[in-house]
Amino acid sequence: MGDKLDESEPGGLDQQEGWSRAILESFYRFRWMPIAFGAACGFALMGILVNTFGDEVDTTVVSLWRTAVTCSFALIVAIFNGTSLKIQTLKELRFHVIHSILLLSKIYLQFYAYQHMAAADAAAIIYSYVAFAGIFARVFLKETFGVFETAMVALSLVGIVLIARPPFIFTDAEEEISGNLPGFLPPLVAFAASLTVAFYIVTVRTMGIKDISVMKSIFYGMLFSSICLLIPVLISGHSIMPPCICGRLRMVAMALCAFLGLSFLNYALSIEHAVYVSLVSINDALIVLVITMAFLGFRPKWTSIAGMFLIIGSSIVILARKMFAHRKKKINEVEQPVDDIPIS
């Protein structure tokens, strides 16, 4: 028993307190990791719930629920925190308008893809935005785009083709592509959503406005989107409420998951650099795949699995490269822009 630490000795207590302090400090330092993973889980559950609606509810209605509920929660949080919602300058107004248009496009395209494709396939294609953001950054921000970036874009495109399985390449491809809507349209919409997200990131960076509250930008973005979505819903005569109580509960749960994912993501970004948060939150597609296979009986094609790992792998390589570049810049105390993860 001589080897056992004697807690009655001052040295033993000091050593225990030192270990406890070190563990607590580590947990506190890396607290952004479970928060970012929680954001990925929130967005994954949102995508799965949107996928369950299929053709039961129009995409415009589903998108309206997401934007309206998020707008309401953002307003509550802004009031609780005492955040002023008054637009201060013309530049800020221009930011809100452009931000809202891109946000609306992103949400609608994402939801359409989720509803008419397998959720895991749609999520993988949408998350290829990491590679395509470099193209827009080259055009608008004059950032470097060399052989490495070109190779990662090519890998992402190969992954998208493997998931979409276009009939003119895969002659044995089934007429119905991984989901509910026949044809090649859903993968194209998912690809358009990916490009929209990439363009959204670079546009927000190009405008260079960093002093606007997160909840304020979310509130105006979702408010504008809700108004734009409500008009066609009223004109077309679609019912805003799903036909059954189960559908209504799923709709509320979907909107709540979206807001929780958004809140976790923004909190993680407030305490850690975007590149590190992105490396964790990009697991959204893998979470969707695991949940749908384990609980919903989804059986993906081998091409979908290969395409997903190509897309996610290329995205992780890009983010890891940016992470090392960020560390190097911190050491050299040189400030250069690094791509931010978008508000989903």
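**Helix packing, surface patch and salt bridges**

Helix 5 (residues 119-126) and helix 12 (residues 284-295) have axes that come within 8 Å and cross at roughly 175 degrees. Axes are lines fitted to C-alpha atoms, for helices over the stretch in contact, and angles run from 0 to 180 degrees between N-to-C directions. This is a predicted model, in which local features need pLDDT of at least 70 and side-chain atom pairs count only at pLDDT 80 or more, while totals for chains, interfaces and linings use all residues. Residues are numbered from 1 along each chain as its sequence is written, and side-chain values use heavy atoms, with hydrogens and water left out.

**Helix pair**
- Helix 5 and helix 12 are therefore roughly antiparallel to each other (angles over 145 degrees).
- Ala119, Ala120, Ala123 and Ala124 of helix 5 meet Ala285, Val288, Leu289 and Thr292 of helix 12 (heavy atoms within 4.5 Å).
- The residues of this contact comprise 7 nonpolar, 1 polar and no charged.

**Nonpolar patch**
- Phe73, Ile76, Leu256, Leu260 and Phe264 make a nonpolar surface patch of about 420 Å² (residues with over 30% relative accessible area and no salt bridge, nonpolar side chains being joined within 5 Å; Shrake-Rupley method, 1.4 Å probe).
- Helix 10 (245-271), where Phe264 is placed, gives the largest share of the patch, 3 residues.

**Salt bridges**
- The structure holds 3 salt bridges (a side-chain nitrogen of Lys or Arg within 4 Å of a carboxyl oxygen of Asp or Glu).
- One of them joins Arg250 and Glu56, whose closest N and O atoms are 3.2 Å apart.
- This pair links distant parts of the chain, 194 residues apart: Arg250 lies in helix 10, and Glu56 in the loop between helix 2 (32-53) and helix 3.

Conventions:
Helix = DSSP H or I, 4+ residues; strand = E, 2+ residues; numbered from the N terminus. Parallel < 35°, antiparallel > 145°, perpendicular 65-115°, else oblique. Nonpolar A, V, L, I, M, F, W, Y, C, P; charged D, E, K, R; others polar. Patch = residues over 30% accessible without salt bridge, like charges linked within 9 Å, V, L, I, M, F, W, Y side chains within 5 Å.
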